[in-house]
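Good morning. Please look at the model on the screen.

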Amino acid sequence: MNSIAGKSNENRYGNLLIGIGASAGGLKAIVEIVDLLPTHFQGALMIATHRSSTAPNVLPSLLQNYTRLRISEPLDGDKLSCTHIYIGRPDEVLTVEGGEVHIEIDPEHIRNLDRIDDLFTSIANAAGKNSVGVILSGMLWDGVDGLKAIKEAGGTCIVQTPEDATFDSMPKNALESVECDFVGTTIEIASRLVELGAGRNCQ
């Protein structure tokens, strides 16, 4: 029995937990989605992107211009909070265990191309049916294995329509490899996330 299927539901994170993965061309898509989420969105979002480890971390300050949700660059061991967006620094691998954020430093970018998979797989293990994986614009295969883990855990798999993505490789690879629950433009994805959060009250 694998670790996802065998994990007790009693130990799952009880709130909606959304992982958003993007690479080349994904910044625009992330902004468009975040901009449409309501102030009291009943879920936590964790964002993983491919960035140079030496690049300045401009994503948090940029997104803050488009949302009233709280945005954090978390520390290792921080407790997850709803109506909150978590963004790792460019040299960090962001994952979650139970209700806590975990961070590993990757200054040489050895794990950069698996960063989305690492996050999504941890979200699947932590949240089970409350897990959501969103694949946006980007190149190559990162996110495919993570989406499979979320699907296996009973969560929701969402992919940006390839025609809507600046770079369609990641969305196409995800769609070819995983039976996804929803495919749409960034506007449609935001609407779907709002639907998933509707009627929830964060624990």
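**Cavity and cores**

By the rule used here, there is 1 cavity of 30 Å³ or more. A cavity is a set of points on a 1 Å grid over the protein atoms alone, where a 1.4 Å probe fits but cannot get out; lining residues have an atom within 4 Å of a point. Volume is the space filled by probe spheres set on the points, which are joined across faces, edges and corners.

This is a predicted model: local features need pLDDT of at least 70, side-chain atom pairs count only at pLDDT 80 or more, and totals for chains, interfaces and linings use all residues. Numbering runs from 1 along each chain as its sequence is written, and side-chain values use heavy atoms, without hydrogens or water.

The largest cavity has a volume of about 30 Å³. Its lining includes Ile 47, Arg 51, Glu 92 and Arg 115. Two or more lining residues come from each of β2 (44-49) and β5 (92-97). These strands are DSSP runs (E, at least two residues), and helices are H or I runs of at least four, numbered from the N terminus. β2 gives the largest share, 3 residues.

Now the cores. A nonpolar core joins buried Ala, Val, Leu, Ile, Met, Phe, Trp, Tyr and Cys residues through side-chain atoms within 4.5 Å. Buried means under 20% relative accessible area (1.4 Å probe, protein chains only). The largest core has 31 residues; Leu 17, Met 46, Leu 80, Ile 135 and Leu 147 touch the most other members. Helix α3 (115-127) gives the most to this core, 7 residues. Apart from it lies another core of 27 residues, among them Leu 16 and Ile 30.

Last, confidence. pLDDT is the predictor's confidence in each residue, from 0 to 100. The protein's mean is 91, and 92% of its residues reach 70 or more.

Definitions and conventions:
On a 1 Å grid over the protein atoms alone, a cavity is a set of points where a 1.4 Å probe fits but cannot get out, and a pocket is an open set with protein on both sides within 12 Å along at least five of seven lines; lining residues have an atom within 4 Å of a point. Buried means under 20% relative accessible area, exposed over 50%, partly exposed in between (1.4 Å probe, protein chains only).
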